[in-house]
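Subject: Structure handover

Hello,

Here is the structure I promised to pass on. Please have it open while you read; my notes follow below.

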Amino acid sequence: MILRTAALLAFTLGTSLAQPTPAPPAPAAEPEPAEETTPEVLPDVEAAIPETVKTLGKPTPTTLHGALSLAVTAKDDETQNHVIQGLNHLHGGWEFEASRHFAAAMRLDPDCLLAHWGMVMSLLNPSPETGPARNAATDRLLHLINAGAGTDLERGYAFGLIKYMEEGPPAAANAFRQVSAKFPNDLQSAIFLSLFSRGGYDDLGSATPDQKTAEDLLLALIGKNPNNPVPINALLTIRAEAPDLRESLPLARKLCQLAPDYPPYFHLLGHYEWRCGEHGRAASAFGRATSLYDAWMRANKATVADSPEWVRAETYRITALASKGEYETAYAAARKIATIPLPKDRAASPGARLLMWDAHTLPARILLRRGLPGNTAEALASLPSPESMKPYHTKCLAHWWVDGLRIALETKRLLEAGKLDEATEALSALTFHGEQMAKIQVAATTGGERSSWNRAFRSLEVLASEIRGRNALAGPKDGHGSAYNWFRAATDRQRPSTLLNPPMILAPMANRLGEYFLAVNRPQDAVDAYKEALESFPNDIDSLTGLEKAAKAAKLPEEAAKAAAQIKTLQEQ
């Protein structure tokens, strides 16, 4: 049905959008006569609205000055206003709040094409809680398209969505490119073109040609709409994984000035501040985001299950405090969020899942970063027990991350106790665990946990390399040289977190290289290693402390004094 609808929609937009349809293959045998079936029943509007949205009632409008606005084919102004609210939340990355406004619009006008399109867009990421509603909304969207609903522009948006669902981002980018060409003054189609066509950054940190083209397009849109937060947010979002964000930091600050009460923008600002080494400012921005999300939850009688954004902002705030060296404050906050009980009736919700993946392991990860005597054993004790995780195995895959982290910490504890043979056995167990975890990648994708699974799996790879380096350094002297290779591998595998998530491994792995070089009396190489750490983790307190120590050992007093001054500045913030 989707293919037939795409062809119909292409015809309404002009032949340039039409795609050649291959001839169907010949049947292997004469088919049996088709049995008569009753016509497929179109789902009603309520079936296309997630139950989680229904429980919260009608949303209130959010004031976003200078934001996206467009004419919507709808029966009244109230419907149009809800659609526009939904669109702005969709562009802001707050999909749940967007879906609430699209639901309100669908109830007011069951024939509103853009309301249905927005609902499907809001539910693109699969979830056990929203899957049935997504399917029903898609069926209704296709029905409206076949019925000729909407303007050519609105049908162009629908065409781009269909191409994405059928063929992925490149096909969607091509569709929105054609829609944008036909409607050159339309802001939204140009933004979607850039979002779907971006190519990211290569292994050297350089923007790919597609990424550069997407950024240039958004920069041009910002030039024409300097006070519209939507293209600014889009540019900052696709740049968020760049190796150096300092050039874009003023734009992130401007975004929050344009929308001083919008929590997703403050989360984005916090990410930029943290990546630029402004840890105090980052903690403040994330704190503002968590306060706004908390106010939203109270006003709407929502819970953490409905607000993974709150969990993400709060864990990132705590990460920023640790980066600044405020370990006691960070650890206390981490213990507090780790005690938030899981909603047993909604264990598969985005918020509950993020609690399991991120929040409940945060105290252990802070202790792992701090690395004081006794911290490893304390970190082990802080992890959720296997028994406590077992009831949620069918709802969330986070136990794979928790168990992997448990094995890694146990290996580190054995090394610290000088039990090298037992540590080697534990390392073998960690390798086996990783092999088994790799087998559930498809399940993570289909269950809507691919992003968390990928972050956790890559983090366990980093941890395994680091611990193997520690194991080599603790063993016979003739094997110490391999420690460098393992620490180098851990450093190379560590990458900036995606999708504005906080890192799962909180310590720069290049610090391990610095510690190695100091241990083998190569202080100049240690200085270079700590500087490498500071390139990826600017102003990281442990990296600066290591740099000061290495510079003193290398008899570089100016370097040491500079690092000490920076440490003092951070501590005074």
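Start with Lys301, which is exposed because its relative accessible area is 72%. The terms are these: buried means under 20% relative accessible area, exposed over 50%, and partly exposed in between, with a 1.4 Å probe and protein chains only. Lys301 sits in the loop between helix H14 (279-300) and helix H15 (308-323). Helices are DSSP runs of H or I with at least four residues, strands are runs of E with at least two, and both are numbered from the N terminus. Lys301 is not a glycine, yet its phi is positive, about 55°. Most residues other than glycine have a negative phi.

Before going further, two points on the source. This is a predicted model: local features need pLDDT of at least 70, side-chain atom pairs count only at pLDDT 80 or more, and totals for chains, interfaces and linings use all residues. Residues are numbered from 1 along each chain as its sequence is written, and side-chain values use heavy atoms, with hydrogens and water left out.

Lys555 also has a positive phi, near 55°, and is a residue other than glycine. Its place is the loop between H28 and helix H29 (557-572). Lys555 has a relative accessible area of 72%, so it is exposed.

Gln85 belongs to helix H3 (residues 77-92). It counts as buried because its relative accessibility is 17%. Leaving out residues up to four places away in sequence, Gln85 touches Thr60, Pro61, Thr62 and His101. Contact here means heavy atoms within 4.5 Å.

Ser197 is part of helix H9. Its relative accessible area is 17%, so Ser197 is buried. Its contacts, not counting residues up to four places away in sequence, are Ala173, Arg177, Asp210 and Ala214. The C-alpha atoms of Ser197 and Ala172 are separated by 8.1 Å, and these two residues are 25 residues apart along the chain.

**A helix pair**

Two packed helices are described by the angle between their axes and the distance between the axes. Helix H9 (residues 187-197) packs with helix H11 (residues 229-239) at an angle of about 0°, and their axes are 11 Å apart. H9 is therefore roughly parallel to H11. Leu187, Ile191 and Leu195 of H9 meet Val230, Pro231, Ala234 and Ile238 of H11. By class, this contact has 7 nonpolar, no polar and no charged residues.

The terms again. Axes are lines fitted to C-alpha atoms, for helices over the stretch in contact, and angles run from 0 to 180 degrees between N-to-C directions. Angles under 35 degrees count as roughly parallel, over 145 as roughly antiparallel, 65 to 115 as roughly perpendicular, and the rest as oblique. Nonpolar covers Ala, Val, Leu, Ile, Met, Phe, Trp, Tyr, Cys and Pro; charged covers Asp, Glu, Lys and Arg; the others, Gly among them, are polar.

On a 1 Å grid over the protein atoms alone, a cavity is a set of points where a 1.4 Å probe fits but cannot get out. A pocket is an open set with protein on both sides within 12 Å along at least five of seven lines, and lining residues have an atom within 4 Å of a point. Grid points are joined across faces, edges and corners, and a volume is the space filled by probe spheres set on the points.

The second largest pocket has a volume of about 420 Å³. It is lined by 18 residues, and the closest to its centre are Arg369, Arg370, Arg512, Glu515 and Asp542. Helix H18 (362-370), helix H21 (398-416), helix H26 (510-519) and helix H28 (541-553) each give two or more residues to this lining. The lining has 5 nonpolar, 4 polar and 9 charged residues.

The whole structure holds 2 cavities of 30 Å³ or more. The largest cavity has a volume of about 70 Å³. Its lining includes Arg365, Leu368, Arg369 and Arg512. H18 gives the largest share of that lining, 3 residues. The lining of the largest cavity has 7 nonpolar, no polar and 4 charged residues.

The second largest cavity has about 30 Å³ of space. Among the residues that line it are Leu368, Leu405 and Lys412. H21 gives the largest share, 4 residues. By class, the lining of the second largest cavity has 6 nonpolar, no polar and 2 charged residues.

Best wishes
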